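Hello,

Please find the structure below. My notes on it follow.

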Amino acid sequence: MSQTGNRNRPKVVVTRKLPDIIETRMAELFDVTLNLADKPLDKAGLKAAVADADVLVPTVTDTIDAEIIEAAGKKLKLIANFGAGVNHIDLAAAQGKGITVTNTPGVLTEDTADLTMALLLSVPRRLFEGEKILRAGEWTGWTPTFLMGHRIQGKRLGIIGMGRIGRAVARRAKAFNMAVHYHKRTRLPVEVEAEMEATYWADLDQMLARMDFVSINCPLTEETHHLLNRDRLKKLQPHAVIINTARGEIIDEEALADLIEVGRIAGAGLDVFEAEPQINPKLLGLDNVVLTPHMGSATIEARVAMGEKVLINIRTFVDKHRPPDRVLPY
Ligand code: 8YV
C-alpha cells in the first residue's frame, strides 16, 4: 500500500472492497490496509485487524461481537462503520472499552426507499413471475386473464419505523395514492404526519390487522428482533404483502415462509434475510415472493457517499472533533 508506515497517520483497516475513489482517498489520508480481494475476514482476521488498528472500517458482513472487541488493542479508538445499521456491532462491549462508533446515515435513504417501492410494485404485479415465464420461452401470447395481479393505488401501507427511510417510503407511497399508516415508538410531530397524511398506530397489532401492505423500515435492535413473530404475522389479512428492506432478523422468516405457503399471507418482497447470504429454501420455492440480495443502498452514488461519510467521520475523530455521525457514545 502506498504511503503506509508514516507514524503520524492513523492506521485504518477496511474490511471489504470499497469504491475505488474512496479507497484512493483513504490511502492519501491514512495508513490504510485495504481488502482488495474483498474476501470477508474470518474471526481470526477480524481479531488481528482490531489488535493492530487505530480505526476499523467494517460493514454489515462483519460480526463485531464482544469477543472481537475484547481482542482490540489499546490503540483502537474508533469503529467507523460503512453502513447505517450498526446491529452487527456489540455497542455495549464497544462502550465498555471506550471505543467510538460512527455510521453513514442519510445518504442511502432515497435509494433504499426506491428499492422498497420496486419490491412493493413487483410483488402484487407479479413482475418476476412474468419475467421467468418469458425467459423460459413459455409465453404463448396475451390473454385477458394472464398474470393478473393487484393494483397498489388506494391500498393501505403500514410502515414500521418512521425514520428517514420510512418517511422516504411514505412520500413515494403517497405519490402512488396509497394511504400511509405507521407504527413507531414515539409519534411524529403533527406537521410531519400531516405532510404525509399518515395515520399513527401506537399498537402494532392493531395496525397489522388493517393493512394491505406492510413495509419494515426500522433498525434491528433487541426490541425489534422477531418483532414480526408467528403470532404477529397471523394478525395480517390473507391478502397482505410484506416488504422488508431493513434487516432479516426483524421477521421470523420460517414463520413467514410457512404462512405464505399456506396462503395466510399473500406474498413478500425481501431484500434482507435472517442468515445472509443463506436463503431459507422454503422462500426460494414460493412464486409470490420476490427476493433481492441486500441491495437497498447498492447505487454508485450511495456507496461513494457512504465512503465519504466514513472518511469524514475518521478525519474529524482524528482531529479531535465530534464525528458528525456518532452512534457511540450516545
Ligand atoms: C449497507 C444497509 O449496504 O447501511 C445499511 O444499514 O443495510 C446497507 O444498505 C450495508 O449495511 C453496509 O454495511
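**Ligand site**

An N or O atom in the side chain of His294 lies 2.9 Å from an oxygen atom of the ligand; a polar contact here is a pair of N or O atoms within 3.5 Å. With the ligand taken alone, 320 Å² is exposed, and the protein buries 90% of that (accessible areas by the Shrake-Rupley method with a 1.4 Å probe). This is a predicted model, in which local features need pLDDT of at least 70 and side-chain atom pairs count only at pLDDT 80 or more, while totals for chains, interfaces and linings use all residues. Residues are numbered from 1 along each chain as its sequence is written, and side-chain values use heavy atoms, with hydrogens and water left out.

The backbone also takes part. A backbone N or O atom of Val60 is 2.9 Å from an oxygen atom of the ligand, and a polar backbone atom of Gly85 is 2.7 Å from an oxygen atom of the ligand.

The residues around the ligand (a heavy atom within 4 Å of it) include Thr59, Phe82, Leu108, Arg247, Ser297 and Arg303. By class, this shell has four nonpolar, five polar and two charged residues; Gly counts as polar, and Asp, Glu, Lys and Arg as charged.

**Domains**

The domain assignment, automatic or from a database, gives domain 1 (2-107 + 299-325) and domain 2 (109-291). Their C-alpha centres lie 32 Å apart. Eight residues of domain 1 are in contact with five residues of domain 2, where contact means heavy atoms within 4.5 Å.

Regards

Methods: A polar contact is a pair of N or O atoms within 3.5 Å; within protein, one must be able to donate a hydrogen and the other to accept it, and residues adjacent in sequence count only if both atoms are side-chain atoms.
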